[in-house]
Amino acid sequence: MIGTEKKPLDEILEALGKYDKIVVTGCNGCSKVCKTGGEPEVNGMAEELRKAGKNVVLATTPERGCYIQHTKAALEDRETELAESEAVLVLGCGGATQIMRQTTEELGLTVPVKTGLNTVGHVDVVVAGQLAIEQCGECGLCVLNETGGICPITKCAKSLLNGPCGGSEGGKCEVDSDRDCAWILIYERLKALNELDSLKTYREPSDHRNTNRPRRLTLT
């Protein structure tokens, strides 16, 4: 899931600046889970903008803002409102915002597309409705098969691939005392799985070419 948080209203209004007729869109995927861009948040933002003197001509929530087909479907038969608008405010991740920009371009429209959210990255819901944390660094070279399903890139403060730094005390990380040492967690997990031999394998340093941006995935 892509984590997002709402920008301050003053920043949103500054981004919308001189524009009066506004379309507000959200995302019934990740942003809905984050409580930043689901239908309640889209309707709430529309009301905030109206109170600020803006004319909200359309408020809609695509099923998935980062899927162009869902974005186009949400705007189907609403091209008139979109064409009349002076700006689009997206309550979705940076990807959803750029998909909305692409959608307007493919419809032959030149309209500013602004985001009302800050994207904080890939997070997983670990306590339903309460807490999501980053567990995958999307490094492009996954070692979960060798580390008991615990990622050293995100769990270890130093992203070490070959065991602890030696500075942990009482099972806590020397860099961040609020977190457990990732490699102690990995050791205990591998011990329980009877897979401790995995720790005998030396892992080459990460090849950061795997994280060159932007990355592409061919869907066939």
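In the predicted model, the largest nonpolar core comprises 13 residues, of which Leu16, Ile22, Val24, Met45, Leu49, Leu89 and Leu91 touch the most other members. A nonpolar core is here a set of buried Ala, Val, Leu, Ile, Met, Phe, Trp, Tyr and Cys residues joined through side-chain atoms within 4.5 Å; buried denotes under 20% relative accessible area (1.4 Å probe, protein chains only). Two or more residues are contributed to this core by each of helix H1 (9-16), strand S2, helix H3 (39-51) and strand S4, the elements being DSSP runs numbered from the N terminus (helices: H or I, at least four residues; strands: E, at least two). The greatest contribution, four residues, comes from H3. Apart from this core lies another of 11 residues, including Val88, Val90, Met100 and Val111.

Strand S2 (residues 21-25) is mostly covered, with four of its five residues buried. S2 runs parallel to strand S3 (residues 55-60), to which five bridges join it, and valine 24 stands opposite alanine 59 of S3. Four bridges link S2 to strand S4 (residues 87-90), again in parallel; here isoleucine 22 faces alanine 87. Pairing requires at least two DSSP bridges between two strands.

Leucine 89 is in contact (heavy atoms within 4.5 Å) with Ile12, Leu16, Ile22, Val23, Val24, Thr25, Met45, Leu49, Lys114, Thr115 and Gly116, residues up to four places away in sequence not being counted.

Residues are numbered from 1 along each chain as its sequence is written, and side-chain values use heavy atoms, without hydrogens and water. Local features need pLDDT of at least 70 and side-chain atom pairs count only at pLDDT 80 or more, whereas totals for chains, interfaces and linings use all residues.

Methods:
Buried < 20%, exposed > 50% of the residue type's maximum accessible area, 1.4 Å probe, protein only.
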